[in-house]
Amino acid sequence: MTEAMIRKNAGMASVKDMPLLQDGPPPGGFAPVRFARRIPNTGPSALAIFLTAFGAFSWGMYQVGVGNKKRRVIKEEKYAARRAILPMLQAEEDERFVKEWKKYLEEEARIMKDVPGWKVGETVYNSGKWMPPATGELRPDVW
């Protein structure tokens with residue numbers, strides 16, 4: 001639609017002669033503007049999330065407890081086996097120690113044969129207590 005048809009007058013006219021034509025709202029007005037936050041309520045509720053997390057945590061702690069019990073039984077079985085073979089291991093170590101001690105005394109007697117008043121096997125310390133070697137070896141300096 002042209003301006004000449006609206007004015008019902010052909011040709012150009014002064015802007016002042018033109019009728020006032022202003023945009024306005026449609027009949028009945030515009031639709032209301034939605035400005036509020038309307039977040040859809042989808043997904044689980046907070047209570048459902050909390051209960052699920054609590055259930056998962058509880059199940060995990062239960063599994064930790066079951067694992068601790070199994071580990072405790074295995075550890076006790078291992079210690080019982082060690083206690084059972086300890087006398088045999090100690091006897092073997094004592095036998096090894098006596099053999100090494102005899103070799104040590106023979107070596108001491110050979111080395112100290114020229115020293116007057118030297119008693120083989122007698123300690124130079126006067127504590128009165130016999131102490132086994134702390135390293136588990138009779139003479140750690142000899143390879």
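Biologist: Does Glu108 count as buried or exposed, and at what relative accessibility?

Modeller: This is a predicted model, in which local features need pLDDT of at least 70 and side-chain atom pairs count only at pLDDT 80 or more, while totals for chains, interfaces and linings use all residues. Residues are numbered from 1 along each chain as its sequence is written, and side-chain values use heavy atoms, with hydrogens and water left out. Buried means under 20% relative accessible area, exposed means over 50%, and partly exposed lies in between, with a 1.4 Å probe and protein chains only. Glu108 therefore counts as buried, its relative accessibility being 12%.

Biologist: Which side chain makes a polar contact with the side chain of Glu108?

Modeller: Glu108 has its place in helix H2; helices (H or I, at least four residues) and strands (E, at least two) are DSSP runs, numbered from the N terminus. A polar contact is a pair of N or O atoms within 3.5 Å, where within protein one must be able to donate a hydrogen and the other to accept it, and residues adjacent in sequence count only if both atoms are side-chain atoms. At 3.0 Å, the partner of the Glu108 side chain is the side chain of Trp118.

Biologist: What percentage of the residues of the protein count as buried?

Modeller: The protein has 2 helices and 0 strands, and it exposes about 13900 Å², of which carbon and sulfur atoms supply 63%. These areas come from the Shrake-Rupley method with a 1.4 Å probe, and for residues only the protein chains shown count as cover. Of the 143 residues, the buried share is 3%.

Biologist: How far apart are the closest N and O atoms of Glu100 and Lys103?

Modeller: Glu100 and Lys103 are 3 residues apart in helix H2, so about one helical turn separates them. Glu100 is partly exposed at 29%, whereas Lys103 counts as exposed at 52%. The two form a salt bridge, that is, a side-chain nitrogen of Lys or Arg within 4 Å of a carboxyl oxygen of Asp or Glu, and their closest N and O atoms are apart by 3.6 Å.

Biologist: Which residue meets Glu107 in a salt bridge?

Modeller: The structure holds 5 salt bridges, among them one between Glu76 and Arg83 at 3.0 Å. The N to O distance is 2.7 Å, and the residue is Arg110.

Biologist: Why is the pair of Trp59 and Tyr62 called tilted?

Modeller: A search of the whole structure finds 4 aromatic pairs. Rings of Phe, Tyr and Trp (its six-membered ring) pair if their centres lie within 6.5 Å, and planes under 30 degrees apart count as stacked, over 60 as edge-to-face and the rest as tilted. The ring centres of Trp59 and Tyr62 are 5.6 Å apart, and the pair is tilted because the angle between their planes is 35 degrees.

Biologist: Where does UniProt place the feature "transmembrane region"?

Modeller: UniProt positions are given in the numbering used here, feature names are shortened, and annotations may be inferred rather than shown by experiment. The unreviewed entry places the feature at residues 45–62.
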